[in-house]
Amino acid sequence: MGYLPNIVFAIILITGIGYFTRNIQKLSRNIKLGKDVDTSDAKAQRWSNMLRIAFGQSKMVVRPIPGILHIIVYLGFVIINLEVLEIIIDGLFGTHRIFAFLGSGYDVLIASFEVLAALVIVAVVVFWIRRNIVRLKRFLNPEMKGWPKTDANWILYIEFVLMLLFLTMNAADLQLQQMDVAHYTKAGAFPISQFIAPLFQDMSISSIIIVERVAWWLHISGILLFLNYLYYSKHLHILLAFPNTYYGKVKPKGQFENLEAVTNEVKLMMDPSADPFAAPDENAPVPEKFGASDVQDLNWVQLLNAYTCTECGRCTSECPANQTGKKLSPRKIMMDTRDRLEEVGKNMDVNKGQFVPDGKQLLGDYISQEELWACTTCNACVEACPVSIDPLSIIMDMRQYLVMEQSAAPSDLNNMMGNIENNGAPWPFNQMDRLNWAKES
Amino acid sequence: MENELKVPTMAELFAAGEQPEVLFWVGCAGSFDDRAKKITKAFVKILNKAAVKFAVLGTEESCTGDPAKRAGNEFLFQMQAVTNIEVLNGYGIKKVVTACPHCFNTIKNEYPGLGGDYEVVHHTQFLKQLFTEGRISMEGGQFKGKRITFHDPCYLGRANNVYEAPRDLIRKLDAELVEMKSCKSRGLCCGAGGAQMFKEPEKGSKDINIERTEQALETQPEIIAAGCPFCNTMMTDGVKNKEKESSVAVMDIAELIATAEDL
């Protein structure tokens, strides 16, 4: 019987990590549905981007209030998780505060965890107030109704409860240490929970032990549950922000990819020795589709972008189209891409790993033409994103599909393109008149 | 002081066996749009004054393909690009200057992949260099102390991280440079980019150029400075919409300098 807690702990741990691994495999399979893209260039810049933007949170502080609060939660997440290592060892081997041998170093660790936990609670409360009481505009766009709103609040509740459990566990532990209870090694400094400990003063030792144990078990179970919640939540960014900033765009923002499939066609057209009537080679691959109408037409970095998005809405709040009441919201572009990708993934799950056409696609069923044509390609959304997501590239790929595969450009744009084709300018002016300005006074 | 503009074409220089220091890529707006032509001429006046050996392509120039590409017509873009690159490479062009951030961005970033490698600078960068090299100098003169705000063109600023060259030039005018609440990397678009210039906007509560003009007017400027012919049109329309055209002028940086120099 003595080993029962250890066994239960091992089962919980293995189940938690097992499910998480399964989710990550699914995530990775879905991302790989995207087209391949070469990201082997600019390694030094990519590492530096990841260090600066993800580890260093450099873009978060562009907006100082949420930026600093976020840094607190981020540090709390990274540092308090050192404690999880101790909890796992204690849980598996039935030890208590196994790292206590670190002595004063341990005191510093525990003390800093406590201070961070308290700060995280403050930050989370402020975040909740910003979303639900102050009701900041960027949290109220139409795409934030329903699950996205619930999801955001759930994350805050879970973090709040986890921190509270951590402090309760420490407080009960401290009380037991002061009562010289066996097994409760005297270790750690408790700058925050020392104020909670007196609450347990009048309780019996066995009751305090129950409080301590319940808090301990709920804390670690909560962490494992939260880990498995990530895949279903916008909160995936805590993991994906790192690869996403690495794989993010390293070229100037104004540089849009030149489509290679088009380059090949153009070369053929410009080649005087090419035979326009030649029958295509029997072994020639099917000509590549121009642009994107569904998630499989996007590249895998764009799909990684979609899973990384934490729906903060900085992109949308900087978007000139959105600011002036147009339907376009760059955040919605990312959310739609993820939702459609998830739908495609679930389709594959029930069809033995094969996607069976479902009569739906990203274009039209999720993202409307009206949204796509409202974009000014100004890159404000790309600049605003704290984790290097590029909504603009998805908008551009879908415009390419509309124009080159569907000839579905707005008529004004067709006129403009007709002018460029016929006389080399977007307006109907003769190319031979290009230098007339030099002679006008 | 009305001087005849000296605008040599590449064909003329080539026939004489000469190479220009820089090719001035005028762009469609700069060639055809009545407002933008004034910017073109102002820039040429400065080039003439500084005795810069430049040339234009004239009738051999064609749209870079930028609006087609941003509209999604990659095919038309690459056809334009390949044709232009053939002309530029045929003349052995090494350096290009342009007063249009869209042409600037396209030639600088998107032409290399299609065989067109040039040093490309925006006219504000080029003008700044002329000052640095002492080839032009300027007294603040008529702009001394005037409140000027600069509207960052997206394809110069965010797209290519050029924020300081135009501002340095405004400072050289001894003017008071005032910044809008969203400027530089957070500057709001004028509403023309991404081929929006050539179509009606989607349904919304306001036009983008009006929003941006309001931000500019909040700084109480005497002049809204621009570095892009399309932004210029958008901001000019915005100022007219606000009935402020008698008190607030929209001017390109090149026009500011040409005016200060009394060219």
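Predicted model: local features only at pLDDT ≥ 70, side-chain atom pairs only at ≥ 80, totals over all residues.
Visitor: Where does A:Ala42 lie?

Guide: In the loop between helix 1 (4-31) and helix 2 (43-55) of chain A.

Visitor: Why is B:Asp262 called exposed?

Guide: Again, exposed requires 12 or fewer C-beta neighbours. B:Asp262 has 9 inside 10 Å, so B:Asp262 counts as exposed. B:Asp262 lies in the segment after helix 11 (253-260) of chain B. Phi of B:Asp262 is near 60°, a positive value in a residue other than glycine.

Visitor: Which domains is chain B divided into?

Guide: Domain 1 covers 10-129 and domain 2 covers 139-260. Their centres, taken over C-alpha atoms, are 22 Å apart. The contact takes 26 residues from domain 1 of chain B and 26 residues from domain 2 of chain B.

Visitor: Which element gives the largest share of the domain 1 side?

Guide: Helix 3 of chain B, with eight residues. By class, the side of domain 1 of chain B that touches domain 2 of chain B has 13 nonpolar, seven polar and six charged residues.

Visitor: What is the mean pLDDT of chain B?

Guide: The mean is 96, and 98% of the residues of chain B reach 70 or more. For the complex, the predictor gives an ipTM of 0.96 and a pTM of 0.95.

Conventions:
Residues numbered from 1 in each chain as written. Chains lettered and ligands numbered in written order. Domains from an automatic or database assignment. Contact = placed C-beta atoms within 7 Å. Helix = DSSP H or I, 4+ residues; strand = E, 2+ residues; numbered from the N terminus. Nonpolar A, V, L, I, M, F, W, Y, C, P; charged D, E, K, R; others polar. pLDDT = per-residue confidence, 0-100. Buried ≥ 20, exposed ≤ 12 C-beta atoms within 10 Å, placed from the backbone.
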